[in-house]
Amino acid sequence: MSNQNIAILWGSETGTAQGLAENTEIQMTKLGLQAHAIDMSDIKLEGLADYGVLLVITSTWGDGDPPSNAMDLLGELQAKSFDLSGCRFSVCALGDTAYYQFCKCGKDFDEALEKRGATRLYPMQECDIDYDAPFEQWRQGVIQELSKEPTPSV
Ligand SMILES: Cc1cc2nc3c(=O)[nH]c(=O)nc-3n(C[C@H](O)[C@H](O)[C@H](O)COP(=O)(O)O)c2cc1C
């Protein structure tokens, strides 16, 4: 059985992605999933391999930049060769189409995780400022994928 330990990695400048991640942890826990919302600045690249499922919820800041708490992890993922082939992942990117570099940070995570060998569990979701519906679609899609497998009894 694959590792169903779920990291909900959030990158957030003003709290939106953080709130969605924490809420997702609560919802998934209620469903019996082993989910942990994690501030990206509290985890290193090597730590990602402890989780079988990596869910990234991140905004984009500045001019296509990662939020400050996501900068180091994204940099490590892009620069270091590290095997994440034991992980599955999905990215929910928050952004604003008023910006030229729409959802750039989420796109960068999606690309970097794939490059490190992780398997895409569910397609990346890009969210504009009205993020409620697309975010919920992504979350339910991810939950549906995860529920296709039996959860571990521990
Ligand atoms: C100063 C500033 C810069 C931003 N830059 C971008 C950007 O380059 N691309 C994008 O898609 N969204 C951009 N956004 C929109 C944010 O990503 C969006 O509002 C997001 O929901 C914020 O989430 P957070 O509170 O988790 O940081 C920017 C917003 C602000 C205020």
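This is a predicted model: local features need pLDDT of at least 70, side-chain atom pairs count only at pLDDT 80 or more; totals for chains, interfaces and linings use all residues.
Student: Which residue does E46 pair with?

Tutor: E46 forms a salt bridge with K80, and their closest N and O atoms are 3.8 Å apart. The two sit in distant parts of the chain, 34 residues apart. E46 is in the loop between β2 (35–39) and β3 (53–58), while K80 is in the loop between α2 (71–79) and β4 (88–94).

Student: Why would two side chains pair up like that?

Tutor: Side chains of opposite charge can pair when their charged atoms come close.

Student: What about K80 and E76?

Tutor: Their side chains meet in a salt bridge, 2.9 Å from N to O. E76 has 14% relative accessibility, so E76 counts as buried.

Student: OK, new pair. Where do K104 and D108 lie?

Tutor: Both are in helix α3, residues 104–115. They are 4 residues apart, about one turn of the helix.

Student: Why does a spacing of four places matter in a helix?

Tutor: An α-helix has 3.6 residues a turn, so residues three or four places apart point the same way.

Student: Staying with α3, which of its residues are buried?

Tutor: The buried ones are C105, G106, D108, F109, D110, A112 and L113. The buried residues of α3 pack against β3, α2, β4 and β5 (119–120).

Student: What span should α3 have, and what does the model give?

Tutor: At 1.5 Å a residue, its 12 residues should span 16 Å. The end C-alpha atoms are 16 Å apart, so the two values agree.

Student: What follows α3?

Tutor: G117, which has a positive phi, near 95°.

Student: Which residue has a positive phi although it is not a glycine?

Tutor: C103 does, with a phi of about 55°. C103 lies in the loop between β4 and α3. At 1% relative accessibility, C103 counts as buried.

Student: Switching topic. How much space lies in the largest pocket?

Tutor: About 340 Å³. The pocket is lined by 21 residues, and the closest to its centre are S59, T60, W61, G95 and D96.

Student: What kinds of residues make up that lining?

Tutor: The lining divides into 8 nonpolar, 10 polar and 3 charged residues.

Student: Last one. Where is Q125?

Tutor: Q125 is in strand β6, residues 125–127. Its relative accessibility is 15%, so Q125 counts as buried.

Student: Which residues is Q125 in contact with?

Tutor: Leaving aside neighbours within four places in sequence, Q125 is in contact with V91, C92, A93, P134, Q137 and W138.

Key. Residues are numbered from 1 along each chain as its sequence is written. Side-chain values use heavy atoms; hydrogens and water are left out. A salt bridge is a side-chain nitrogen of Lys or Arg within 4 Å of a carboxyl oxygen of Asp or Glu. Buried means under 20% relative accessible area, exposed over 50%, partly exposed in between (1.4 Å probe, protein chains only). On a 1 Å grid over the protein atoms alone, a cavity is a set of points where a 1.4 Å probe fits but cannot get out, and a pocket is an open set with protein on both sides within 12 Å along at least five of seven lines; lining residues have an atom within 4 Å of a point. Grid points are joined across faces, edges and corners, and a volume is the space filled by probe spheres set on the points. Ala, Val, Leu, Ile, Met, Phe, Trp, Tyr, Cys and Pro count as nonpolar, Asp, Glu, Lys and Arg as charged, and the others, Gly among them, as polar. The expected span of a helix is 1.5 Å times one less than its number of residues. Contact means heavy atoms within 4.5 Å.
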